[in-house]
Amino acid sequence: MTRYQWLAAVTVGATLVLIAIGAIVRTTGSGLGCPDWPLCHGQLIPPAERTAIIEYTHRTAAAIVGLLVIVTAAVTLRLRRRDRALRNLAIASLPLLALQAWLGKVTVERELPAEIVTLHLSGALLLLAVLALIAAFAFLGPERRRLEDPRRAMYLRVSISTAVLVAVALIGGSYVVGADATEACTGWPHCPEAPAPFLDGLRAQHVHWMHRLLVLAAFIGVLRLIWHARDLPEADGALRNAALGLGAMYGAQILLGAANIWTDFSAAVRAAHLAGAAATWGLCVLIVAAALYLPGRSGGARAPAGFGRGRDAARA
């Protein structure tokens, strides 16, 4: 692994950790632990209160991820400026980062409205997708190429539709939390409070049912991807394994969703559910990138002096 690939991978991993910390903030009710922004109770150092420390940890992690995104974008523009796709992704990551910072500020100032919280998570998923593509293209190399194969083209189309369905289900789950509809149904897979979706129950049950049906639609998409993976050429074994891995991750997500109810909505299970959902979305994006291109003969372009040594200096 070259240093550029390592940087891109670490940035993606750090972004996933940040989303996981954000999940802890939400599930522990710490979103207003620091009621002002960017300070915390008017101080650089938060008071010794549980919610303030949790929220401030999230802000600190966001600052670290922000620096990583900026460095990744700068290194990409330096090493891969002739790679139009990577150049555009690097440029796009910077306004997305600024938008996320602004949405975080607005979320606190408006005291956690469901719509803004959902928009904030949506922006985080979009930024994660951009960073995941940067990492994927870094590993595929500047000489990556398209393969004209009808079976691979079908797999690509299905992987894109599956990624969209997973993203919609995830965003719907975020809205459930923001709308205080998490505990609207106390049974799984049935909902005792509203047995017939959208026909009985209150608004909270309708929101909860919406998420469950979106999860089902995305699950069908994942199964469809696994089915089409069977038709791939023998050389595309990695794509077949990726589809099976996505199926396993999505199945685990469904079980975690059910475990929310089985554990009486444990904060730890709820946080794991959201963090796992973000990781599932990231895998969807990587599958799309891998289906779109074949790797080139080398892992990268020449690096400027000082960026690496030995083979790392020859490839970035």
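Visitor: Where is F198 found in this structure?

Guide: F198 is found in the loop between α5 and α6, where helices (H or I, at least four residues) and strands (E, at least two) are DSSP runs numbered from the N terminus. This is a predicted model, in which local features need pLDDT of at least 70, side-chain atom pairs count only at pLDDT 80 or more, and totals for chains, interfaces and linings use all residues. Residues are numbered from 1 along each chain as its sequence is written, and side-chain values use heavy atoms, with hydrogens and water left out.

Visitor: What should I know about phi and peptide bonds?

Guide: Most residues other than glycine have a negative phi, and most peptide bonds are trans. Here F198 has a positive phi of about 70 degrees although it is not a glycine. D180, likewise not a glycine, has a positive phi of about 55 degrees; D180 also lies in the loop between α5 and α6, and D180 is exposed, with a relative accessible area of 69%.

Visitor: Which peptide bonds are cis?

Guide: The bond from W37 to P38 is cis, with omega near 10 degrees, and P38 has its place in the loop between α1 (3-27) and α2 (50-79). The bond from W188 to P189 is cis too, with omega near 5 degrees, and P189 lies in the loop between α5 and α6.

Definitions and conventions:
Buried means under 20% relative accessible area, exposed over 50%, partly exposed in between (1.4 Å probe, protein chains only).
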